[in-house]
Amino acid sequence: MDKITQYPQLVLDKVVFFLPKIALAAVVFWIGFKLVNIFIGFFRKMLEKTGLSVTLRPFVASTAAVTLKGAVLFGVASIIGADLTGLFAILAAAGFAIGMALQGSLGNFASGILILSLKPYKIGDWIQLDDKFGRVEEIGIFSTNVLTPGNKILIIPNSMITESVVTNYSEKGKIRLELEVTMPYDESFPFVKQIIIDALLALPKVMKDPLPDVGIQNFDSHNVQLLVRPYVQPDDYWSVVFETNKAIKRAFSENNIKVAYSEGVEMGAIGE
């Protein structure tokens with residue numbers, strides 16, 4: 001009977017003990033979240049002024065908001081008197097397990113942060129990575145999308161980009177095409193070279209400065225292999241490839257220059 005009569009007093013003691021802490025925790029929670037939201041608003045404006053990538057700004061702001069609100073919640077738990085030792089241990093173990101499981105993704109994520117911060121290229125730039133060439137369509141946290149001249153989308157992991165040599169053709173404002181052409185052994189190289197250069201200079205999208213270059217690349221059993229290198233604007237790359245091949249074929253036909261297949265069948269340097 002005595003124990004039953006003690007319960008109301010125990011409950012009252014607990015309420016008197018915890019009520020101020022709960023009230024203080026509620027005030028800290030409300031004020032803390034208000035201050036975090038105000039700070040994040042200023043932080044977003046500061047990110048805009050720094051010129052940080054549009055893709056990276058929301059991620060940085062969200063990360064800062066989650067971190068600060070998490071700190072407020074830990075503060076509230078401490079005020080109430082919760083034991084956070086076990087929680088920290090669980091979070092550390094979970095973080096380690098997630099990190100091991102997402103090791104490759106975390107590498108791409110870190111590379112994405114570097115790319116968006118250092119800006120080695122931007123959307124619309126023409127880049128080359130190993131044998132992959134195209135125009136940048138999208139720069140994400142984990143990968144970069146590149147549109148090839150053949151109208152295919154390459155989704156390249158960002159870690160592959162930061163670990164390799166990337167050539168940004170748009171930074172220089174021009175791309176040098178490298179086209180292979182053949183000529184017969186009985187033709188004069190200076191004569192054929194001039195024909196090709198004249199044909200290229202007649203194309204409006206081929207740059208006149210620097211001038212196109214034509215040289216002997218190799219010799220095979222039937223023809224002399226030439227390398228034709230005109231300069232073009234990055235956005236004109238694919239259309240100029242077609243126009244250049246067409247112009248050289250027409251110039252060879254007009255000057256009666258024939259090139260033999262290895263089987264001995266003669267035709268123009270560039271196929272119809």
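**Entry 1: F39 and F43.** I looked up F39 and found it partly exposed, because its relative accessibility is 43%. The model is a predicted one, and I read each value below as computed from it. F43 has a relative accessibility of 15%, so I noted F43 as buried. I then asked how the rings of F39 and F43 are arranged. Four aromatic pairs were counted. F39 and F43 form a stacked pair, because their ring centres are 5.8 Å apart and their planes stand at 10 degrees. Both residues belong to helix 1 and are four residues apart, so about one helical turn separates them.

**Entry 2: the nonpolar patch.** The patch covers about 830 Å² and is made by V27, F29, W30, I31, L35, I38, F42 and L73. I checked F29, which is found in helix 1. F29 counts as partly exposed because its relative accessibility is 36%.

**Entry 3: the cores.** Which residues touch the most other members of the largest nonpolar core? I found I175, L177, I196, V228 and F252, out of 30 residues in that core. Strand 7 (179-184), helix 7 (189-201), strand 9 (223-229) and helix 8 (237-254) each supply at least two of its residues. Helix 8 has the largest share of this core, at seven residues. I listed the contacts of I196, leaving aside its neighbours within four places in sequence, and got V214, L226, V228, I248 and F252. Another core lies apart from this one; it has 11 residues, including L116, L129, I141 and I161. For context I noted that nonpolar side chains in soluble globular proteins tend to be buried together.

**Entry 4: T244.** I looked at T244, which is found in helix 8. T244 counts as buried because its relative accessible area is 0%, and the cut-off for buried is under 20%. Its contacts, leaving aside neighbours within four places in sequence, are L179, L200, L203 and V206.

**Entry 5: backbone.** Most residues other than glycine have a negative phi, and most peptide bonds are trans, so I looked for departures from both. D209 and P210 are joined by a cis peptide bond, with omega about 5 degrees. I placed P210 in the loop between helix 7 and strand 8 (213-219). N256 is not a glycine, yet its phi is positive, near 55 degrees. The loop between helix 8 and strand 11 (259-260) holds N256. Is N256 buried or exposed? I recorded N256 as exposed, because its relative accessibility is 56%.

**Entry 6: salt bridges.** D125 has a relative accessible area of 4%, so I marked D125 as buried. In the pair of E137 and R135, the closest N and O atoms are 3.1 Å apart. E137 is partly exposed, with a relative accessible area of 35%, and R135 is also partly exposed, at 27% relative accessibility. For E178 and R176, the closest N and O atoms are 3.0 Å apart. I noted E178 as partly exposed at 46% relative accessibility. R176 is partly exposed as well, with a relative accessible area of 34%.

Notes
Residues are numbered from 1 along each chain as its sequence is written. This is a predicted model: local features need pLDDT of at least 70, side-chain atom pairs count only at pLDDT 80 or more; totals for chains, interfaces and linings use all residues. Side-chain values use heavy atoms; hydrogens and water are left out. Patches are made of residues with over 30% relative accessible area and no salt bridge: like charges are joined within 9 Å, nonpolar side chains (Val, Leu, Ile, Met, Phe, Trp, Tyr) within 5 Å. Accessible areas come from the Shrake-Rupley method with a 1.4 Å probe; for residues, only the protein chains shown count as cover. A salt bridge is a side-chain nitrogen of Lys or Arg within 4 Å of a carboxyl oxygen of Asp or Glu. Buried means under 20% relative accessible area, exposed over 50%, partly exposed in between (1.4 Å probe, protein chains only). Rings of Phe, Tyr and Trp (its six-membered ring) pair if their centres lie within 6.5 Å; planes under 30 degrees apart count as stacked, over 60 as edge-to-face and the rest as tilted. A nonpolar core is a set of buried Ala, Val, Leu, Ile, Met, Phe, Trp, Tyr and Cys residues joined through side-chain atoms within 4.5 Å. Contact means heavy atoms within 4.5 Å.
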